[in-house]
Amino acid sequence: METTISVPIWKQVWDRLGVMGTIIIVVLVGILISYMRDPQVTSAVLNSTLRQSTPLVLGALCGLIGERTGIINIGIEGQMLFAAFAGFLANVYIGQLGIFPLGVTLLLAVLVGIAAGALLGWLLAFMSVTLKMDQIIGGTVINILAIGLTGYFYQVGLTTQGKLQPISLGFLADIPLIGPVLFNNPPITYITLLLVVVVHYVLFYTRWGLRSRAVGEYPSAADTVGVNVYFMRYANTIIAGGIAGLAGVFLTLEAVGSFERLMTNGRGFVALAVMIFGKWTPFGAWGAALLFGFATAMQTQLQFQGDLAIPHQFIGMLPYLLTIVVLAGFVGRSRPPAAEGIPYEKE
Amino acid sequence: MSDQTVEEGNGRSSGWLQRIWNTTSVPVGAVLLAALIGAAILAISGANPLDAYAALIKGSFGDSAAFGRTLEKATPLVFSGLAVAFAFKAGLFNIGAQGQLLVGAIVAAYVGFSIEGLPAIIHAPLALIAGAAAGALYGAFPGALKTYTGANEVITTIMLNYVAINLTDFLADGPWKDLTPGNVVARTPKIMDSAAIPFIGDIPVGFLIAILMAVVTWWLLWKTTIGFEIRTVGLNPHGAQYAGIKVAFTVILTMTLSGLLAGMGGAIETQGIVGRFQPGFNANLGFDGITVALLGKTHPFGVIPAALLIGAMKAGSSQMQFSADVAKEITDVIMAFILFFVAADMIIRWILRSRAEGEKITLSSGWGS
């Protein structure tokens, strides 16, 4: 090892973890104080934070996997909506067959939803890689197509057998405060937490991830060393589509249990914001989604309590204003992957 | 790939007829192909495509009233399309046209109902200008945030859309609520007759203003220094900075003018169509602006036919739902395919053997810096 300017250990630790650590400690202390004052409300708000953030994290993961490989995806909203619909229909029709127990039906329905999201991911890759179409247009095509198809084939009065139920993780779920919030959730919520870690690991610590990022930053260099740019972009966009699909089925099969027209309600676009907010990293996106989820949960809680002098619309603005303030005040400029949005021409 | 199959000869010597064919073949081909796919979906789902399309056309162009409805639906789309296209020219993605439009719509309504006794020649333009100014301010805000804090306009405009929904909802259900006895819904009072933007026969005057604004936008972008600077910033912000263009100022100005266009669209919707502000009545007009801008290849003159096309589908879809019993969302599916084929123009050029005219559009050079 060559000698470098020696930086004290504490400074290295602070540089890496200081600001984030401070924020996390402040948040934890805040939660603790709030829990001692009112355990029930605190648990409810935290639970709702996690629920609200789940589709946003998944959507943001979809967005960042695509963008890391150079494909801008503004069609997350459409992918979610389409998958939500497909998963719901699968649940209804497989349920009507009556040959599987409910658990299997739901599992199949989730898989159908993921496949539906992946299919639109493939469409995005086909448009942007093969047809070299403008990617903003490609995403818009997906959004409108999803609104149109789900609206056209929507039927009133379809009912399902049920939705995904919370799975309690044994004794962990009995820990006060943390237990009910973290260890007593329906499956997609667990999978989401797992996916944040997995995507982070794959993206930054595996060969696949390195290649994906190279394709997003400097495709011709990646091509020179033998990385198949087109394949990497296709594969990542399809996988990302599947993750957006999971966000969609979260809405129909885990959160609500039924499908409504336009039920994604802009979550795909908020996920896009969450992705940029988190600077194209899984953990950043997770944090941003939690912040947004928390603001939404607070809003619901404040509305629930009622007796407030502030009109409810102002509370309704809270998550959005908070995002703007945090973004403008603390996050500032963020740098997207260099080659995103540009179709790659092989020479 | 079409170059090998078409008859030889360079593009310059081709006649004007050839040129018109080259520019119109793709959009026309795209509409036809998309309609074909729509027909297939209709047929598969058990509907009669011919009946459905007949009703769609009857409802949008069947008589002068239907045509008027098409223009009515197209008017706000021209504005939101211009707003999005204008921002694109500076490399900015204004997803916030929706919010700017809402703010413009409600401020125009306020000026429209609260001031009494003005002659129409003053009152109507005043409300329109107030709405446009509100939209401009609401657009300037994310522009300034981007310039001074680096906050990405894609995020801030998305967030501001939701803020605008809540804000207008509050105003229409609170301080500016319609207090006529019997009214329970959230809406503002009806605007004064003097603030209304009239019709000439079946043609809404708002549509004429929309065309005028498209010309103004074109003039501003291609015939003025400021337009040159905006386009330069869009093509290469660093180069623009190096060339002495004030990029920060240009970004704020572009977002302001983009917001102004959207706000104006909202004001005209209030003054010319709805007659008041009511939450939900302007839903998605701003988002449709993205589609219109892309379909119009982000050119101000491309926006007009694009808005007319989408306006016609909106106008005709109720007729189609009513007389052919076809859910009107099929028009969204068709719209998606039109956009697809216009953008993937190589498919149609290959089918029709027609050559490309003009530059290919690219918008997605990332989220900017």
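Author: Let's begin with burial: with C-beta atoms placed from the backbone, a residue is buried if 20 or more other C-beta atoms lie within 10 Å of its own, exposed if 12 or fewer do, and partly exposed in between. By this count A:L262 is partly exposed, because 14 other C-beta atoms lie within 10 Å. The model is predicted, so local features need pLDDT of at least 70 and side-chain atom pairs pLDDT 80 or more, while totals for chains, interfaces and linings use all residues. Residues are numbered from 1 along each chain as its sequence is written, and chains are lettered from A and ligands numbered from 1 in the order in which they are written.

A:L262 sits in the loop between α10 and α11 (267-277) of chain A (helices are DSSP runs of H or I with at least four residues, strands runs of E with at least two, numbered from the N terminus). Its phi is near 55 degrees, a positive value in a residue other than glycine. Most residues other than glycine have a negative phi. B:T298 is buried, because 23 other C-beta atoms lie within 10 Å.

The axes of α3 (residues 76-97) and α10 (residues 229-256) of chain A come within 7 Å and cross at roughly 55 degrees (axes are lines fitted to C-alpha atoms over the stretch in contact, with angles from 0 to 180 degrees between N-to-C directions). That angle makes α3(A) oblique to α10(A) (under 35 degrees is roughly parallel, over 145 roughly antiparallel, 65 to 115 roughly perpendicular, the rest oblique). Among the residues in this contact are A:F82, A:G87 and A:F88 of α3(A), together with A:G241, A:G245 and A:G248 of α10(A) (residues are in contact if their C-beta atoms, placed from the backbone, lie within 7 Å). The contact of α3(A) with α10(A) holds twelve nonpolar, seven polar and no charged residues (Ala, Val, Leu, Ile, Met, Phe, Trp, Tyr, Cys and Pro are nonpolar, Asp, Glu, Lys and Arg charged, and the others, Gly among them, polar).

Another helix meets α10(A) too. The axes of α4 (residues 102-130) of chain A and α10(A) come within 6 Å and cross at roughly 140 degrees, and that makes α4(A) oblique to α10(A). Here the contact of α4(A) with α10(A) has 20 nonpolar, eight polar and one charged residues.

What about the chain end of this helix's surroundings? A:E345, in the segment after α13 (312-331) of chain A, has its C-alpha atom 9.6 Å from that of A:Y230, although they are 115 residues apart along the chain. A:E345 is exposed, because 9 other C-beta atoms lie within 10 Å.

Lastly, the two chains touch. The contact takes 42 residues from chain A and 41 residues from chain B. On the chain B side, α6(B) supplies the largest share, eleven residues. That side of chain B has 26 nonpolar, twelve polar and three charged residues. B:L339 touches residues of both chains, including A:I137, A:V141, A:I144, B:T291 and B:L294, leaving aside residues up to four places away in sequence.

Note on methods
Contact = placed C-beta atoms within 7 Å.
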